[in-house]
Amino acid sequence: MSTLVVLGAGAWGTALAAVLASRHQVVLWARDPAQAKAIAAARRNARYLSEIELPSALAVTADFPAAVSGAQLILVATPVAGLRDVLKKIPHTPFVWLCKGFEQESGALPHEIAAAAGIRAPCGALSGPSFALEVARG
């Protein structure tokens, strides 16, 4: 079983983590410790995706170093505004960003932010017309 880490516990990150947890070992990271604790306890993300019960196999944490330790693939599901900071912290691990849009301050797109970060790990983007709730429902 591969270890996947989803960084960002919004609707999109939660949906993908829930779906992937049926086939992989998955850790969902929330930057807010109170939110991570609430999601883990309720097995739901009440703030962003309350309709979906999260699989018991899905681990939820706010501990960034613990979340990314041993990851084989990192999925960055933060807003573009947080992408640059997250990329500074991830280890040399293949990653995929799930965010869309541009960075307000610089006008940079996610692939430009990744290039500027000097990351040498394999990376790519996951994008397309979808809704988190539909993805979470399969």
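A word on the source before we start. This is a predicted model, in which local features need pLDDT of at least 70 and side-chain atom pairs count only at pLDDT 80 or more, while totals for chains, interfaces and linings use all residues. Residues are numbered from 1 along each chain as its sequence is written, and side-chain values use heavy atoms, with hydrogens and water left out.

Let's begin with the strands. When I say helix or strand, I mean DSSP runs numbered from the N terminus: helices are H or I with at least four residues, and strands are E with at least two. Strand E1, residues 3-7, pairs with E2 in the parallel sense over five bridges; strands count as paired if DSSP finds at least two bridges between them. E2 also runs parallel to E3, and three bridges join those two.

E1, helix H1 (residues 11-20) and E2 together make a right-handed β-α-β unit. Right-handed here means that, with the strands pointing away from the viewer, the path from the first strand over the helix to the second runs clockwise.

How many of the five residues of E2 are buried? Four of them are, so E2 is largely enclosed by the rest of the structure. Our cut-offs are these: buried is under 20% relative accessible area, exposed is over 50%, and partly exposed is in between, with a 1.4 Å probe and protein chains only.

Now please find Trp29 in E2. Trp29 is the bridge partner of Leu7, and Thr61 in E3 is the bridge partner of Trp29.

A search of the whole structure finds two aromatic pairs. Rings of Phe, Tyr and Trp (its six-membered ring) pair if their centres lie within 6.5 Å; planes under 30 degrees apart count as stacked, over 60 as edge-to-face, and the rest as tilted.

On to the charged side chains. How many salt bridges does the structure hold? There are three, where a salt bridge is a side-chain nitrogen of Lys or Arg within 4 Å of a carboxyl oxygen of Asp or Glu.

Asp32 and Arg47 form one of them, at 3.8 Å from N to O. They link distant parts of the chain, 15 residues apart: Asp32 is in the loop between strand E2 (25-29) and helix H2 (33-42), and Arg47 is in the loop between H2 and strand E3 (59-61). Asp32 is partly exposed at 26% relative accessibility, whereas Arg47 is exposed at 52%.

Asp85 and Lys88 make another, with their closest N and O atoms 3.9 Å apart. Because these two are three residues apart in helix H4, about one helical turn separates Asp85 from Lys88. Asp85 is partly exposed at 46%, and Lys88 is exposed at 62%.

Then there is Arg84 with Glu103, whose closest N and O atoms are 2.7 Å apart. Here too the pair links distant parts of the chain, 19 residues apart: Arg84 is in helix H4 (residues 80-89), and Glu103 is in the loop between strand E5 (95-97) and helix H5 (110-116). Is Glu103 buried or exposed? With a relative accessible area of 5%, Glu103 is buried, while Arg84 is partly exposed at 26%.

Not counting residues up to four places away in sequence, Glu103 touches Val80, Arg84, Ala108 and Ile113; a contact means heavy atoms within 4.5 Å.

Our last stop is Gly107, also found in the loop between E5 and H5. Gly107 is partly exposed, at 39% relative accessibility. Leaving aside neighbours within four places in sequence, Gly107 is in contact with Phe102 and Glu112.
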